[in-house]
Each structure stands twice: as C-alpha cells, then as structure tokens.
Amino acid sequence: TVSDPNCDAAPAYLTGDINTDSKLDLSEAWTYTCTRTVTQTEMDTGGNLSNTVTVDSIESNTGTDTLNIPITQTPAIQEVKSGVFNDEGSDGFADVGETISYTFTVANTGNVTLTNITLSDPGITLSGGPIATLTVGVTDNSTFTGSYTLTQADVDVGIKDNIATVTGTPPIGANVTGVSSDSVSLSQNLGIQVVKSSPTLNITGAGQAPPYTFIVTNTGNVTLTGITVDDPNCDALPGYLSGDTNTDGKLDLSESWMYTCFHTVTQAEVDVGGNLSNTVSADSNESSADTDTFDIPITQSPAYTIVKSVTDVGG
C-alpha cells in the first residue's frame with residue numbers, strides 16, 4: 001500500500017511488477033504517481049510544499065519519505081490611471097477652475113494575495129480605499145477615484161501630466177508598488193485684442209497732435225508673453241502706461257494693458273481731407289496679431305485774404 005494524504009487522489013500504480021504476481025520481489029521496483037494541486041494558502045504561506053508518503057506491506061514495517069519543493073513567491077501589483085477633462089463651461093476650451101476626473105484600475109499580477117492596497121497621487125484629491133485584500137488575478141477598477149482642479153499654469157502648458165503609485169503588502173517580505181502616468185490634453189484658445197481710441201474728435205489743421213490710447217486684452221485662455229504694440233502712424237512707438245498688475249511682463253486673462261502715442265498731422269493730410277486713419281497692431285508670442293483702425297474726421301476750411309495797397313499817387 002502507498003498513501004500520501006496530500007495527493008489529490010490516492011497514489012496510482014504505474015509499473016514494476018515484472019512477473020505480474022502482485023508481489024514485490026527483491027528484484028523489482030514499483031512506481032506509483034499522484035498529482036498535488038497547490039492552494040493559494042500554500043503560496044501565501046511560502047517556504048516549501050512538503051509531502052510525506054507512507055508505504056507498507058503485510059510482512060514489513062512501514063516506510064516513509066518526505067519531499068520538499070521550494071515555493072517561490074513573486075508578489076506584484078499593477079495600476080492603470082485614466083483622466084478625463086470636464087468642460088464645465090461647455091466652450092470647448094480648458095479654463096481655470098474646471099476639473100479632471102481620474103479612475104484607477106488596480107490588478108494583482110503576482111502569485112500571492114496582497115493586502116492593504118493604498119494609492120498615492122500628488123496633487124490629486126483621492127477617494128476610496130484602502131482595499132483590504134486583493135487576490136491573485138483580480139482587478140479592481142471602482143474603489144479609487146480622483147479629481148484635480150485646473151490652474152492657469154496647467155492651461156498655459158496645455159497638458160496635465162502626473163504619476164500615481166499603488167502599494168500592496170504581500171504575506172512575506174517588503175511592500176510592492178506599481179506606477180502609471182497619465183496625460184490629459186487641455187484645449188487652448190490663443191487670442192489678443194487691441195482697441196484704439198482718441199479724445200480728439202476733429203482735425204482742423206496741420207501741426208495738431210491728437211493723442212491715441214490703445215487697450216490690449218487677452219481674449220483667450222492662455223497667458224500671453226512678448227506683447228508688442230505697433231502703429232506706423234505714431235510719431236514714436238506706442239508707450240506702455242499701465243495694466244500689468246502683477247508686474248510679471250505677461251498679459252494675464254484678467255489684465256488690460258494701456259499704451260499711448262501721438263501723431264502730428266501734416267499739411268498733406270489736411271489737404272487730402274477725409275479722415276486721419278490710424279491702424280494699430282497688437283501681437284504676442286502665442287497668439288495671432290489683432291488690429292484696430294480709428295478714424296478722426298479732417299475738417300478742411302479753405303480761405304484766403306487779399307490786401308490791396310497803393311504804390312504810386314499821380315498829380
């Protein structure tokens with residue numbers, strides 16, 4: 001008889017009874033076999049898979065033999081992060097204060113049970129967890145969620161990148177981690193606007209120098225840099241007056257920058273009449289240029305005088 005309580009079924013005879021008399025002769029060696037299905041508990045316990053077999057006969061005392069097979073534990077965890085931009089303003093562009101919603105899929109990709117599954121993601125407001133137990137081959141995609149509120153810096157970059165880390169505790173040994181990165185594209189709207197005005201309502205003669213004011217605003221969702229204002233009809237380049245409230249040299253969405261210049265009217269312009277027309281252009285490193293034209297009517301007042309004098313008086 002051959003017995004091994006750890007076999008899935010009783011050991012089965014294979015070969016060895018050469019003369020088929022069902023007696024174990026001195027010259028014979030009988031072979032038996034069985035299969036053992038490893039349990040998850042045994043994998044989690046680690047160490048060795050230990051089986052002891054017992055052999056006996058009517059005439060002999062029993063004999064035993066133990067075989068140990070090392071159990072190799074390979075704890076591993078995987079995490080996949082996915083973010084979706086929420087266009088709360090429904091304008092098709094990313095705006096400060098709008099949010100990104102994140103979901104996290106966590107999977108036990110090792111061969112041992114993991115416990116105390118936690119998630120970290122710097123800058124993201126997380127909810128859910130920890131997961132008490134995650135068995136081998138199981139995937140969880142509903143426990144952890146996250147939210148992030150966009151800043152102007154995020155919109156200026158046009159993409160939100162960050163990395164999440166999931167951590168699990170195996171039965172034996174150090175914690176295991178898995179990381180994943182996610183990039184969410186943020187739609188940008190690049191726009192600049194310039195509006196030109198003047199308090200002068202009428203041009204009446206050469207030498208008159210009407211002042212012009214230019215108001216430059218950011219009409220998009222991205223901070224603008226390298227602001228330029230140009231009006232070829234100004235006597236000199238338009239000069240910056242005010243508006244950069246935080247003095248960072250960047251045209252923020254909340255700012256309106258003011259520039260000014262003068263134009264000295266020529267006699268040729270008065271003679272042509274019509275309007276004194278000036279077109280200003282404003283541009284930035286990020287946007288396309290914008291222009292605005294302002295017309296001041298020219299009033300022509302043709303007039304002359306004649307003076308008569310006598311140069312000879314006759315007698």
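Visitor: Given that buried means under 20% relative accessible area, exposed over 50% and partly exposed in between (1.4 Å probe, protein chains only), which class holds Tyr 13?

Guide: Tyr 13 counts as partly exposed, because its relative accessibility is 38%. Please note that this is a predicted model, in which local features need pLDDT of at least 70 and side-chain atom pairs count only at pLDDT 80 or more, while totals for chains, interfaces and linings use all residues. Residues are numbered from 1 along each chain as its sequence is written, and side-chain values use heavy atoms, with hydrogens and water left out.

Visitor: How many aromatic pairs are there?

Guide: The count is six aromatic pairs. Rings of Phe, Tyr and Trp (its six-membered ring) pair if their centres lie within 6.5 Å; planes under 30 degrees apart are stacked, those over 60 are edge-to-face, and the rest are tilted. One of the pairs is Tyr 13 with Trp 30, which is edge-to-face at 5.6 Å centre to centre and 70° between the planes.

Visitor: Why does that pair tie together separate parts?

Guide: Tyr 13 lies in strand E2 (residues 12-15) and Trp 30 in the loop between E2 and strand E3 (31-33), so the pair joins parts 17 residues apart in sequence. Helices (H or I, at least four residues) and strands (E, at least two) are DSSP runs, numbered from the N terminus. Trp 30 has 26% relative accessibility and therefore counts as partly exposed.

Visitor: And what about Tyr 13 with Tyr 32?

Guide: Their ring centres are 5.7 Å apart and their planes stand at 75°, so this pair is edge-to-face. It links distant parts of the chain, with Tyr 13 in strand E2 and Tyr 32 in strand E3, 19 residues apart. Tyr 32 is partly exposed, because its relative accessibility is 31%.

Visitor: Changing topic: which ring does the charged end of Lys 160 sit over?

Guide: It sits over the ring of Tyr 148, 4.2 Å from the centre. The criterion is that NZ of Lys or CZ of Arg is within 6 Å of the ring centre and within 35 degrees of the ring normal. Lys 81 lies over the face of Tyr 102, at 4.4 Å from the ring centre.

Visitor: On the backbone, which residues does a cis peptide bond join?

Guide: Gly 129 and Pro 130, with omega about 0°. Pro 130 is in the loop between strand E9 (125-127) and strand E10 (131-134).

Visitor: What is the phi of Thr 20?

Guide: Thr 20 has a positive phi of about 50° although it is not a glycine. Ser 22 likewise has a positive phi, near 60°. Thr 20 lies in the loop between E2 and E3, and Ser 22 lies in the loop between E2 and E3 as well. Thr 20 counts as exposed at 64% relative accessibility, and Ser 22 counts as exposed at 62%.

Visitor: Lastly, what is the order of the open sheet of three strands?

Guide: The order is E1-E4-E5, with antiparallel pairing. Strand E1 (2-3) and strand E5 (63-70) are at the edges with a single partner strand each, so one side of each has no neighbour in the sheet. Two strands pair if DSSP finds at least two bridges between them. Two bridges join E1 to strand E4 (residues 48-55), and Ser 3 stands opposite Thr 54 in E4.
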